[in-house]
Amino acid sequence: MDAIVKNFPQSIDSERPSQKEAEDAVRVLLRWAGDDPQREGLLDTPARVAKAYRELFAGYDMNPEDVLGRTFEEVSGYDDIVLVRDIPFFSHCEHHMVPIIGKAHVGYLPNGRVLGLSKIARVVEIFGRRLQTQEAMTAQIANAIDDTLRPRGVAVMIEAEHMCMAMRGVQKQGSSTLTMTFTGAFKADPAEQARFMSLVRGR
């Protein structure tokens, strides 16, 4: 059974708290952690955190369809796999709001059109810069490319380390999580899946 994946629409600015409300929330957290937000070293921290959050979670203000909208049809008949591997990214766990650090491998089988290679990396960044689970992010990247480009198939693999496992809880540093999803020809043909895996692992 296929998972239900939500790509989450862009947020509406009118629904967002103000800058002051965000900064006040940071001050509350500082006090809850046991520190004094009025001491010298923390005076500017609320403003810095609010500014950093705008950058770290900028994916909510970006639409993957805008990034993927421009394609190229002059491919001289090329119809084999296009693979961009080792795309670095960072995200944040939606359960604990601590970093996820990893790399994504994204491939697709063209159906008459191709994407600019930087667009693939950009889509990874858009979904990475949101609160995430790795499973959802993997599916969201594949679905965005599949829905917009309409290729013969999409394959996505993500390898990442979760700081919610390394910094808290079981505190197991160095462990990595691997997720993957396939659509179209990749999903239907195990040989294509194996070829994708071989190309990702080939160095």
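## An aromatic trio

F182, F186 and F196 make up one aromatic cluster. Here, rings of Phe, Tyr and Trp (its six-membered ring) pair if their centres lie within 6.5 Å; planes under 30 degrees apart are stacked, over 60 edge-to-face, and the rest tilted. The model is a predicted one, where local features need pLDDT of at least 70, side-chain atom pairs count only at pLDDT 80 or more, and totals for chains, interfaces and linings use all residues. Residues are numbered from 1 along each chain as its sequence is written, and side-chain values use heavy atoms, with hydrogens and water left out.

Searching the whole structure turns up 4 aromatic pairs. In one of them, F186 and F196 sit edge-to-face, 6.1 Å centre to centre with 65 degrees between the planes. F186 belongs to helix α7 (residues 184-188) and F196 to helix α8 (residues 190-201), 10 residues apart.

Now look at helix α1 (residues 19-33) and helix α2 (residues 45-56): they pack at about 115 degrees, with axes 8 Å apart. Axes are lines fitted to C-alpha atoms, for helices over the stretch in contact, and angles run from 0 to 180 degrees between N-to-C directions.

## The whole chain

The chain has 8 helices and 7 strands. Both are DSSP runs numbered from the N terminus: helices are H or I with at least four residues, strands E with at least two. Of its 203 residues, 38% count as buried.

Definitions and conventions: Buried means under 20% relative accessible area, exposed over 50%, partly exposed in between (1.4 Å probe, protein chains only).
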